[in-house]
Amino acid sequence: MLKQSLGIIETNSLSSAVEIAHLMVDKFGVTLSNVRQLLNGYTTVFIKGELGAVQDAIDFGAGHCTEKNSLVAKSVIAMPHEDLFNFIEGEKDE
């Protein structure tokens, strides 16, 4: 089994985050890990999947957000530790 990659996009509006999350999951077959809203509408979208799909999805999402002047930051982590996924998805140790 291939190790999952993590993609992160931060936007300055919730509506842009929801829109790109939907587009990335629909077009690239990645999995939505979480969406976290911060203060003043800043929202972070976390996706996971195979590295190529995640990279393509993040590049597409960042381009889409740039057109709407809502991109704050983007990042792809190729092989994150499994505990990072647990933290992002909100799982707790038992």
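Rings of Phe, Tyr and Trp (its six-membered ring) are taken as a pair if their centres lie within 6.5 Å, and the pair counts as stacked with planes under 30 degrees apart, as edge-to-face over 60 and as tilted for the rest. By this rule the count comes to one aromatic pair. Phenylalanine 28 and phenylalanine 60 form this pair, which is tilted, at 5.6 Å centre to centre and with 55 degrees between the planes. Phenylalanine 28 belongs to helix 1 (residues 14-28) and phenylalanine 60 to helix 2 (residues 51-67), so that the pair links distant parts of the chain, 32 residues apart.

This is a predicted model, in which local features need pLDDT of at least 70 and side-chain atom pairs count only at pLDDT 80 or more, whereas totals for chains, interfaces and linings use all residues. Residues are numbered from 1 along each chain as its sequence is written, and side-chain values use heavy atoms, with hydrogens and water left out.

Helices (H or I, at least four residues) and strands (E, at least two) are DSSP runs numbered from the N terminus. Buried means under 20% relative accessible area, exposed over 50% and partly exposed in between, with a 1.4 Å probe and protein chains only.

| Residue | Relative accessible area | Class |
|---|---|---|
| Phenylalanine 28 | 25% | partly exposed |
| Phenylalanine 60 | 28% | partly exposed |
| Isoleucine 47 | 0% | buried |

In helix 1, Ser16, Ala17, Ile20, Ala21 and Met24 are buried. They cover an arc of only 130 degrees around the axis, taken from the directions from the helix axis to the C-beta atoms, which puts them on the same side of helix 1. The face turned away from this buried side carries the exposed residues Ser15, His22 and Asp26. Just after helix 1, glycine 29 takes a positive phi of about 70 degrees.

A nonpolar core is a set of buried Ala, Val, Leu, Ile, Met, Phe, Trp, Tyr and Cys residues joined through side-chain atoms within 4.5 Å. The largest such core has twelve residues in all, among them Ala17, Ile20, Ala21, Met24, Ile47 and Cys65, and the elements that give two or more residues to this core are helix 1, strand 3 (43-49) and helix 2. A second, separate core of five residues includes Leu6, Ile8, Phe46 and Ile88.

Isoleucine 47 lies in strand 3, and its contacts (heavy atoms within 4.5 Å), not counting residues up to four places away in sequence, include Leu6, Met24, Val30, Ser33 and Ile58. Isoleucine 47 and serine 33 are 14 residues apart in sequence and 5.1 Å apart in space, C-alpha to C-alpha.
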